[in-house]
Amino acid sequence: MLSKENNERITRVGPGTPMGQALRRYWIPALLTEELPEADGPPVRVRLLGEDYVAFRDTEGQVGLVWNHCPHRGASLFFGRNEENGLRCVYHGWKFNRHGACVDMPNEPEESSFKDRVKVAAFPVVEQAGMIWTFLGPEGEAPPFPQMEWMNIPSFVSKSYQKSNWLQAMEGGLDTSHSSFLHRQTDSIGKSFDPKNLRARAGNPKLEVVRTEYGFRYAGVRHLKDENQNYVRAYHYVMPFHQMRSHQGWSEGRPTVQGHAWVPIDDETCWVYNWMYLRSQEPLTHEEIETEERAFGRHPDDLIPGTYISKQNAENNYLIDRAAQKSGLTYTGIHGINTQDMAVQESMGPIYDRTQEHLGTADLAIIQARRLLLEACTDVEQGRYPLGSQLAEVPVRAAEMLIPADQPWYESMKDELAARW
Ligand code: FES
Ligand SMILES: [Fe+2]
């Protein structure tokens, strides 16, 4: 459990809060490339860490991310005209380029130099592998952009909206023992499930956590008595909110590596960014992407049109099917792996009161993540860089293997856990 004070400390993300300050020292996913599909297209609202921004793709195809409010008298630049390499406020026509410079001020005398002294706050942007990232920390202090394997090989990205605090969502992702229960199913609905049901056969994995320069690596070791083997799933937690995990290609022999970034929109809502690629690094086929996204419940057909909000949500009890739950078709009766996660995590309330919880040995990864996040808060308060924030690359990948029970997992899996690009 956490003290009330520490619970506040690592969940709240607004400006000036300890965690908010720490997160503003890392590059943060802001939106997907697909949200700004064309040059001079409509601007998009972006809310991150409790503050509002506007993103636009200018005439050159480059993305700008600026403060929501026009510096003249505060109208939202979301309503702006995106034209000729800049966003023009529709209130009095002031125009700003993607660097935030005011390039036109048509309601002031032509000879006035006023516009040279006006700027809208603009934030650095990196667009790579279908995602647009930003750095919201102090101007000029953006660290190197942290390259990871999925950004440098053919991969697929998507995102889902979640109505809970980001930490609650992330803790659910780090927690490995829940997959033996929450995501169990006994019949074939989709192709991407484990016919041997290794996870379900040993629902009490032994967790091993090792701190690293990027966060920690950890493994759920499930002992399979009959064959004297260990089924090991090895993961990485990358500061401050990323995780990498492995998924067997159960039927086709095309295993994937997948991962998430749990990005706070504000204290009570978050984006769950999802990415995946084939371990072989071949491109995923259209069918593979469709099958996976449907199995996870985040296919466009699963969403309210024009949004990233699931049609199955708290208002309709995630369309829980009690008959399917009773028959064991699925453990939950809720369709979609991510939707199952969302249902239980949202059911904890917007910000769970962690003074009330009872953590066991299966919660070791969660405990370690909290420790690192609290440390990051203190580091930033005392003027140090938080863990992992200065890394130019995180060259690791997740893996899962069956290993003879008497062999140490990390040595056996070392090669499998190294990224290739
Ligand atoms: S408020 Fe934007 S130009 Fe006046
Ligand atoms: Fe899950």
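**Cores, strands and a metal site**

Author: The largest nonpolar core has 75 residues, and those with the most contacts inside it are Leu31, Leu48, Trp150, Trp166, Met170, Tyr237 and Leu373. A nonpolar core is a set of buried Ala, Val, Leu, Ile, Met, Phe, Trp, Tyr and Cys residues joined through side-chain atoms within 4.5 Å. Buried means under 20% relative accessible area, exposed over 50%, and partly exposed in between (1.4 Å probe, protein chains only). Please note that this is a predicted model, in which local features need pLDDT of at least 70 and side-chain atom pairs count only at pLDDT 80 or more, while totals for chains, interfaces and linings use all residues. Residues are numbered from 1 along each chain as its sequence is written, chains are lettered from A and ligands numbered from 1 in the order in which they are written, and side-chain values use heavy atoms, with hydrogens and water left out.

Reader: Which helix gives the most to this core?

Author: Helix H8 (residues 364-381) does, with eight residues. Helices (H or I, at least four residues) and strands (E, at least two) are DSSP runs, numbered from the N terminus.

Reader: And what other core lies apart from it?

Author: Another core, of 13 residues, lies apart from the largest one; Phe56, Leu77, Phe96 and Cys102 are among its members.

Reader: What is tryptophan 166 in contact with?

Author: Leaving aside neighbours within four places in sequence, its contacts include Ile10, Met19, Phe241, Trp262 and Leu373. Contact means heavy atoms within 4.5 Å.

Reader: Turning to strand S17, is it mostly covered or uncovered?

Author: Strand S17 (residues 242-247) is mostly covered, as six of its six residues are buried. His242, Met244 and Ser246 are on one side, with Gln243, Arg245 and His247 on the other.

Reader: Which strands does S17 pair with?

Author: Strand S16 (residues 229-238) pairs with S17 in the antiparallel sense over three bridges, and a hairpin of three residues joins the two. Histidine 236 has methionine 244 in S17 as its bridge partner. S17 also pairs with strand S18 (residues 256-264), again antiparallel, over six bridges, and there histidine 242 stands opposite alanine 261. Two strands pair if DSSP finds at least two bridges between them.

Reader: What coordinates the iron ion?

Author: The iron ion (ligand 2) is coordinated by His178 (NE2), His183 (NE2) and two OD entries of Asp341, at 2.1 to 2.6 Å. Donors are N, O and S atoms within 2.8 Å of the metal (3.2 Å for Na, K and Ca); water is not among the atoms, so sites may look incomplete.

Reader: Where in the chain are histidine 178 and aspartate 341?

Author: Histidine 178 is in the loop between helix H3 (166-174) and helix H4 (198-201), whereas aspartate 341 is in helix H7 (residues 337-347), 163 residues apart.

Reader: Why does histidine 178 count as buried?

Author: Histidine 178 counts as buried because its relative accessibility is 17%. Aspartate 341 is buried too, with a relative accessible area of 11%.

Reader: Finally, where is proline 283, and what does it touch?

Author: Proline 283 is in the loop between strand S19 (270-278) and helix H5 (286-296). Proline 283 counts as exposed because its relative accessibility is 52%. Not counting residues up to four places away in sequence, proline 283 touches Pro154, Arg254, Leu278 and Glu288.
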